[in-house]
Amino acid sequence: MYIYKTGIAQIDGVSGGIEAGTNILMLAPSMSSAEQLAYALIKPVQGEYSIVLSTNERAAEVVDFFKSAGCDKRFIGVIDAITKSSTPSIADTTRLMFVSSPTDLTGIGIKFSNMIESTFEGTFADGETGLFPPPIRFCVNSISTLLMYRKLEVLYQFLHILTAKQKKIEGFAIYLLNNESFDDRTLSLIKQLMNGVIEVKMDGTDNYFRVLGIKGTKADWQKYTVNKGQVMIVP
Amino acid sequence: MISTGMTGIDDMLGGGIPRGSKVLYSMEPGVNGQLFMISTIYEALAKDLSCLVILPHTTVDAFLHDAANMRGSMLQTDGKKIAFIDMIDRERIQRSAPTRDAAEKEWRARISKLCNENQTEVIFGYFDVMYEDFGLERGLNLLKSCHSGNPPTVIIEHLNFEGNHLLEQFIEKMSFDLVVSIKASFGLLPHFNFFTLVHTSWAPMQKRSVPFIISNGRIVPYIPKIVVTGPPDSGKSTFVASASDQGGSIDRTGLSGDTTTVAMDFGWLHWKDFDITLYGTPGQPRFDPLIPMLLKNAMGAVIVIDVTKPDGLVRAKHLINLISERRMPLVIAANKNDLSGGMSEVEIRTTLALTKSTPVFFISAKRNEDVRFVLESLVDFITQFSY
């Protein structure tokens, strides 16, 4: 089974990394650097692909993050649910796809399938090919925004399908959710779909994370920073 | 009748959708089937029907560009009778209507006003969000707000998370006339898409599934495999070659100096909105181990016989038995009918013990129109076959 390296010794050192087919919920308060942490964790290593569903940032901004982290942009795909509402004529490319709003779950599902398909067909990265079957890291940024547009019950069904597909293609996915804005029922329902949880908290300006439910990892809070896509644990 | 914009599907439906019908395109999540609805919208406007398009999930501009990207050409709205209710309208309703009842009233008023102004004949609704906001019955009842003479035809697309249970509700509780379910066969990823005519109220029809591909902005029903088999020298390779737009045969020259197929014939044709792939088998018994493999996943079969060679029917009977085990549509092409001394249909039927439902066509495989007629009949048979 493929193992996804996280670059975080506390995870990689214990279990070698994240097992293929893992879905992780990242619970974080607003204003934290959870988004950077999530992107750092789904940054592709050599031979891997990454796909981000962005409901908060434009595709160009997402790609910029990965470029600044030293990634080859040919292995980064973005499904952008922001830009099309202001630029309706924007057209899809193989790696940058657009839906008109986070409401459009039909469009999001189709674009996701199309991107996965192109990684399998070897047409994703302008002739460059990664490993096969393609290891794919995936990030939904964020479930919080999706929940502003669609009801919990509908989103649960959507995520149920998405997480099942991630398992099937043996990907590794992180789903960001603001745990301050939603009630316990919402959080526990979404957690049911996941294999593990990464919690993020802030103390002043410091950020901490802890990993729950991933085999072998300790649930201790770790103070961290993210610089150019690298997660640094602060002793 | 209103055309679906997909000729092959119109044919399966007996010409299209009767006016005043209620139609559902049900989409499985992740399956690229948006062109079904788009094709029908394009066709309705091309026929100058007055349309109301309800898009609570997107803006009109984004929808028009998305449709153009899918279809390959912009939807021609200039001078056409088309009105929209889009995401921006929904947001306005949400802001101005504090309760669900108030929102429902506002939706009703808007739909009614636009229908009256435009004498709407067809409502196209992207239903997911209306379903979420109002539920199935109340959501669909909103579309009844349209009173402009005859009841309009209602065509909706819905992202179906609930599977067959929801389809049954559309059919039984909401009396939908046509339910088309669009799905994919998933391995690691969707390896083929197919649509199923789940229910048709105006014609008795078996539930029917047909794969499709998207080509040049169009839904193309796709028959991935029709097997053409029969006794040696009955004209199978000629049949495949006559039928095909492209293809080839793996032959060698036999002792008699004639060529004989030693692996397979292969042909591809685009016909009446269908893409069809033909696989021709060798005729000699020593190749029989190949035949089950070639029959695997086939959607139909043609047995080619030589009407001037009654001895060949024993071999044909054996092949029919092989095919019958797999329960697939089968037709008989009685070839070389242009030569004298051929068998009659009664002789053929009796010797082969054919049921009445198995058609026998007298043809010359050299004539393209004969061969296409056999395939046309087989495609009809495939799309209506009771498995």
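Start with chain B, coloured by domain. The domain assignment, automatic or from a database, gives domain 1 (7-216) and domain 2 (223-384). The C-alpha centres of domain 1 and domain 2 of chain B lie 41 Å apart.

A word on what is on screen: this is a predicted model, in which local features need pLDDT of at least 70, side-chain atom pairs count only at pLDDT 80 or more, and totals for chains, interfaces and linings use all residues. Residues are numbered from 1 along each chain as its sequence is written, while chains are lettered from A and ligands numbered from 1 in the order in which they are written.

Next, select residues 330-335 of chain B. This is strand 14. Helices (H or I, at least four residues) and strands (E, at least two) are DSSP runs, numbered from the N terminus. Six of the six residues in strand 14 of chain B are buried (20 or more other C-beta atoms within 10 Å of a residue's own, with C-beta atoms placed from the backbone). Look at one face: Leu330(B), Ile332(B) and Ala334(B) are buried there. Val331(B), Ala333(B) and Asn335(B) are buried on the other.

Strands 13 and 14 of chain B pair in the parallel sense over six bridges; pairing takes at least two DSSP bridges. Ile303(B) stands opposite Ile332(B). Now show helix 11 (residues 312-324) of chain B. With strands 13 and 14 of chain B, helix 11 makes a right-handed β-α-β unit (clockwise from the first strand over the helix to the second, with the strands pointing away from the viewer).

On to strand 15 (residues 360-362) of chain B. Strand 15 pairs with strand 14 of chain B in the parallel sense, over three bridges. Ala333(B) stands opposite Phe361(B).

Now the contact between the chains (C-beta atoms, placed from the backbone, within 7 Å). Chain A gives 28 residues and chain B gives 21. On the chain A side, select helix 4 (83-86), helix 5 (105-121) and helix 7 (152-168), the elements that give two or more residues. Helix 5 of chain A gives the most, with nine residues.

Finish in chain A, with its open sheet of ten strands in the order 6-5-4-7-8-3-9-10-11-12 and mixed pairing. Strand 6 (96-98) and strand 12 (230-233) of chain A each have a single partner strand, so one side of each is left without a neighbour in the sheet. Inside the sheet, strand 10 (residues 206-212) and strand 11 (residues 222-227) of chain A pair in the antiparallel sense over three bridges. Asn207(A) stands opposite Tyr224(A).

Terms used:
A residue is buried if 20 or more other C-beta atoms lie within 10 Å of its own, exposed if 12 or fewer, and partly exposed in between; C-beta atoms are placed from the backbone. Two residues are in contact if their C-beta atoms, placed from the backbone, lie within 7 Å.
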